[in-house]
Amino acid sequence: MIKVLIADNHPIIRMGVRKVLESAEGFELIDEVATTEELFEKLKDTTPDVVMLEMDIPDVNGIAALRRIKKDYADVKVLMYSGQSEDVYALSAIRAGAFGYLSKSSGVEYITAAVTKVSEGSMFITNELAQRLAFDEGTKKPRRFFRKLSTREIEVLKLLASGKRNKEVALGLNLNEKTVSTYKARLMKKLNVDNMVDLLQQAKALELY
């Protein structure tokens, strides 16, 4: 029996995933939470095999929560489940320690397959995503640039794209403002721009907002 904990702030999504898991054999939904604060409270008392974690869950963003799970609860495997762009976020999530990435636009049949594969310690991404990651490298689309970015750089870029100032980004990611400025400079260099307007246009092309 695969024990699953759902961490998603959307009640309808939680209900849908719960129905899928309950209708399939071999899965036990041990709980569901709406924030990372609730998630880490639950993890103190229970050990799921797989956490299905929403990228934009409140309190602490999904990547930061993922890092903490990997540090404090090494036996728990994380499947990132998100409405955010697969092309941009899948590799970032996997680099940060996720065992898989499943888009909310994927068919429901992927849910049990993804949870099963992740519970076994195997990596899960959809075939469609695997093909895009394999073949987009040779295109001229701006999206190709995201492979040059670290997970932290993508986090900084996303917050900047959402209108956050350096100080707010620093607070949100537990960094100092000087470090955020350094990340901005790196982002401009890697994305081949020299001003914030163009940087935000790249962020839009990367589907960060």
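1. Let's start in a loop. Aspartate 59 sits in the loop between strand 3 and helix 3. Its phi is near 85°, and that is a positive value in a residue other than glycine. Is aspartate 59 buried or exposed? With a relative accessible area of 54%, aspartate 59 is exposed, because the cut-off for exposed is over 50%. Keep in mind while reading that this is a predicted model.

2. You'll find asparagine 174 in the loop between helix 8 (166-173) and helix 9 (177-190). Its relative accessible area is 72%, so asparagine 174 counts as exposed.

3. Now zoom out. How many helices and strands does the protein chain have? There are ten helices and five strands. The chain has 209 residues, and buried ones make up 45% of them. Take the contacts between residues at least 6 apart in sequence: 63% of these join residues at least 24 apart.

4. The five strands form an open sheet in the order 2-1-3-4-5, and the pairing is parallel. Which strands are at the edges? Strand 2 (27-33) and strand 5 (100-103) are, since each of them pairs on one side only. On average, neighbouring strands of this sheet are turned by 25° against each other, direction ignored.

5. Follow strand 1 next. Five of its six residues are buried, so this strand is mostly covered. Six bridges connect strand 1 with strand 2, and the two run parallel. If you want a residue pair to click on, leucine 5 stands opposite aspartate 31 in strand 2. With strand 3, strand 1 pairs over four bridges, in the parallel sense as well. Here alanine 7 stands opposite leucine 53 in strand 3.

6. How does the chain get from strand 1 to strand 2? Strand 1, helix 1 (residues 11-22) and strand 2 together make a β-α-β unit, and it is right-handed.

7. Which residue is the bridge partner of methionine 52 in strand 4? That's leucine 79. Helix 2 (residues 36-45) touches strand 1 (2-7), strand 2 and strand 3, and its direction makes about 130° with that of strand 2. Helix 5 (residues 109-119) also packs on the sheet, touching strand 1, strand 2, strand 3, strand 4 and strand 5. The direction of helix 5 makes about 155° with that of strand 4.

8. Time for aromatic rings. A search of the whole structure turns up two aromatic pairs. In one of them, the rings of phenylalanine 40 and tyrosine 73 have centres 6.5 Å apart and planes at 25°, so the pair is stacked. Phenylalanine 40 belongs to helix 2 and tyrosine 73 to the loop between helix 3 (62-72) and strand 4, so the pair ties together parts that are 33 residues apart in sequence. Phenylalanine 40 has a relative accessible area of 5%, so it is buried.

9. What about tyrosine 110 and phenylalanine 124: what kind of pair do they make? Their ring centres are 6.2 Å apart and their planes stand at 65°, so this pair is edge-to-face. Tyrosine 110 is in helix 5, while phenylalanine 124 is in the loop between helix 5 and helix 6 (127-135), 14 residues apart. Phenylalanine 124 counts as buried, at 7% relative accessibility.

10. Last stop: glutamate 155, in helix 7 (residues 151-161). Why does glutamate 155 count as buried? Because its relative accessibility is 7%, and buried means under 20%. Its side chain makes a polar contact of 3.4 Å with the side chain of asparagine 61. Another polar contact, of 3.0 Å, joins the side chains of glutamate 155 and arginine 67. Leaving out residues up to four places away in sequence, glutamate 155 touches Asn61, Ile63, Ala64, Arg67 and Leu173.

How values were computed: Residues numbered from 1 in each chain as written. Predicted model: local features only at pLDDT ≥ 70, side-chain atom pairs only at ≥ 80, totals over all residues. Heavy atoms only, no water. Pairing = 2+ DSSP bridges. Axes fitted to C-alpha atoms, helices over the stretch in contact; angles between N-to-C directions. Contact = heavy atoms within 4.5 Å. Buried < 20%, exposed > 50% of the residue type's maximum accessible area, 1.4 Å probe, protein only. Polar contact = N/O pair within 3.5 Å; in protein donor to acceptor, adjacent residues only side chain to side chain. Right-handed = clockwise from strand over helix to strand, strands pointing away. Phe/Tyr/Trp six-rings, centres within 6.5 Å; stacked < 30°, edge-to-face > 60°.
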